[in-house]
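Trainee: Could you take one part of this model and walk me through it slowly? I would like a single connected account.

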Amino acid sequence: MMNLLLTRHQSVSLPIGPLNEVQCQTGSGLVNQLNIQLYTPVRANEITQFLCDSTLIKQHYGSVRLSWQARDTLTPINLLNQDFDVIMGREHSLKGLVPSFSQLYSPIIKFDGFSVYWFSRKAIEFSELEKLRIGLVEDPLSHTHYLLPLQDLKARSSNIDALDIHYYADNYSLYEAFDRREVDIISTIEMFRKGRNDGLHSVRITTDNSATLFVTSELSNAVRCELLTALEPVVEHLSTILNLSSVQTSLTGCN
């Protein structure tokens, strides 16, 4: 296994375009690029500009790229090559791609213990599941919109294949389908209720959902600390939408 880790693999170019990435130059003239992959583009320009303006980052990188590509485009080769210096995901999912993941990346920020719900306009009668149009996201790596709701459906139904399940490309398409009344129930987080006045009913699926930001093992502690500061907007955003009371960080010695 160690020979595998020490060997540089042929990497396939990632299908990233202007709609799912932002970049900036540090002005140092260096070739190295700092690559960050998140689930969300929240305040992406602010994060990248902070890093490009950082004196410390200028000493190591010539540019910064933050992307939010679909998770199913991530390959084992991307992880083995450490194509991303920062990556967001769930450890067991990433270990499913590369069993040696924990040798390549380590956690920097953990978001633990947020809830996932079924939402509907009417009280949900699980005894009549076969009569409901169920909306999910076609993303096998998504716990919130795919894995956890399917697991809950399987526990509640003797024949999940008989259920009327509709799959959508992403969570935004799923929400639009719900608003167009194409589906009766969907799974998502509590934030979905905010600002709506249609009296949604909800049933909690789990209180034990999580996500983590990882950094490559090759980064110095000083760079990790700078990234921790740069990613504060992500922490703030996710803490709000996931209703988190605390977030765990894995670094010590940072100001």
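**A close look around Thr144**

Mentor: Happy to. Setting aside the neighbours within four places in sequence, Thr144 touches Arg90, Phe114, Val116, Pro149, Ser187, Thr188, Ile189 and Asn209. Please keep in mind that this is a predicted model. Thr144 belongs to helix H7, which covers residues 143-156. With a relative accessible area of 9%, Thr144 falls under the 20% cut-off and therefore counts as buried.

Helix H7 leads us on to the largest pocket. H7 is among the elements that give two or more residues to its lining, together with helix H8 (171-179), strand E9 (201-216) and helix H10 (232-241). The volume of the largest pocket is about 1000 Å³. Its lining has 34 residues, and those nearest the centre are Tyr39, Arg71, His145, Asn171 and Tyr172. Sorted by class, the lining of the largest pocket holds 18 nonpolar, ten polar and six charged residues.

The second largest pocket has a volume of about 330 Å³. Here 15 residues form the lining, with Gln33, Tyr61, Gln82, Asp85 and Glu218 nearest the centre. Its lining divides into three nonpolar, eight polar and four charged residues.

Now for the aromatic rings. The whole structure contains seven aromatic pairs. In one of them, the ring centres of Phe101 and Phe214 are 5.0 Å apart and the planes meet at 85°, so the pair is edge-to-face. This pair links distant parts of the chain, as Phe101 sits in helix H6 (residues 101-104) and Phe214 in strand E9, 113 residues apart. Both Phe101 and Phe214 are buried.

Phe178 and Phe192 make another pair: with centres 5.7 Å apart and planes at 75°, this one is edge-to-face too. Phe178 lies in helix H8 and Phe192 in the loop between strand E8 (185-188) and E9, so the pair ties together parts that are 14 residues apart in sequence. Phe178 has 0% relative accessibility and counts as buried. Phe192 is buried as well, with a relative accessible area of 10%. Phe178 and Phe192 also belong to one aromatic cluster with Tyr117, Phe119 and Tyr175.

Finally, look at the charges over rings. Arg121 lies over the face of Phe178, 4.2 Å from the ring centre. Arg156 lies over the face of Phe126, at 3.6 Å from the ring centre.

Terms used. Residues are numbered from 1 along each chain as its sequence is written. This is a predicted model: local features need pLDDT of at least 70, side-chain atom pairs count only at pLDDT 80 or more; totals for chains, interfaces and linings use all residues. Side-chain values use heavy atoms; hydrogens and water are left out. Helices (H or I, at least four residues) and strands (E, at least two) are DSSP runs, numbered from the N terminus. Buried means under 20% relative accessible area, exposed over 50%, partly exposed in between (1.4 Å probe, protein chains only). Contact means heavy atoms within 4.5 Å. On a 1 Å grid over the protein atoms alone, a cavity is a set of points where a 1.4 Å probe fits but cannot get out, and a pocket is an open set with protein on both sides within 12 Å along at least five of seven lines; lining residues have an atom within 4 Å of a point. Grid points are joined across faces, edges and corners, and a volume is the space filled by probe spheres set on the points. Ala, Val, Leu, Ile, Met, Phe, Trp, Tyr, Cys and Pro count as nonpolar, Asp, Glu, Lys and Arg as charged, and the others, Gly among them, as polar. Rings of Phe, Tyr and Trp (its six-membered ring) pair if their centres lie within 6.5 Å; planes under 30 degrees apart count as stacked, over 60 as edge-to-face and the rest as tilted. A charge sits over a ring if NZ of Lys or CZ of Arg is within 6 Å of the ring centre and within 35 degrees of the ring normal.
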